[in-house]
Amino acid sequence: MAWYEDTIAKLKTGNFSNIDINKLIEEIEGLAGRDRREFKSRLRVLLAHLLKRIYVNSPDDYRGWEITVRSQRQQLLDLLEQSPSLRNYFAEIFTKCWNDARTEVTEDYPQTEFPSEWTFSYEIDTLLNKKFW
């Protein structure tokens, strides 16, 4: 923690020559990786629960799936607010996350036919705000 505080103080005062640049790069890369992993994980969960809510005929489960959808959307919005560059990452990972989510729900609900492709908008703002059911 002391290293962070010291580095922040040096950055704020413009004392760049006394910053351990390699350590700073390592820390920034670590933070970016953590944010990307969390974003990807939450997107998979969101897509899986959207698929369940839209396609699985199980009214007793709808409320729980809708709560998860709202929660994951809020967490994704928070991540985007904190790290706006994740908007670009969304386009890179959407198809993989979609395929992962579809595989998961297909295994969990083999009696339900899920579409082979996402049939709604690929816009992140639509995904995070529209009620698809």
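Reader: Which residues are buried in helix 3?
Author: In helix 3, the buried ones are Trp65, Glu66, Val69, Gln72, Arg73, Leu76, Leu79 and Leu80. Buried means under 20% relative accessible area, exposed over 50%, partly exposed in between (1.4 Å probe, protein chains only). Helices are DSSP runs of H or I, at least four residues, numbered from the N terminus.

Reader: What am I looking at, and how is it numbered?
Author: This is a predicted model, where local features need pLDDT of at least 70, side-chain atom pairs count only at pLDDT 80 or more, and totals for chains, interfaces and linings use all residues. Residues are numbered from 1 along each chain as its sequence is written, and side-chain values use heavy atoms, without hydrogens and water.

Reader: OK. How many residues are in the largest nonpolar core?
Author: It has 29 residues. Such a core is a set of buried Ala, Val, Leu, Ile, Met, Phe, Trp, Tyr and Cys residues joined through side-chain atoms within 4.5 Å. Phe39, Leu43 and Trp118 are among those with the most contacts inside it.

Reader: Which helix gives the largest share?
Author: Helix 4, with nine residues.

Reader: And what does Leu43 touch?
Author: Leu76, Phe90, Ile93, Phe94, Cys97 and Leu127, not counting residues up to four places away in sequence. Contact means heavy atoms within 4.5 Å.

Reader: Switching to His49. Buried or exposed?
Author: His49 counts as buried, because its relative accessibility is 14%. His49 sits in helix 2.

Reader: What is His49 in contact with?
Author: Trp65, Thr68 and Val69, leaving aside neighbours within four places in sequence. Of these, Trp65 and Val69 are buried in helix 3.

How values were computed: Helices (H or I, at least four residues) and strands (E, at least two) are DSSP runs, numbered from the N terminus.
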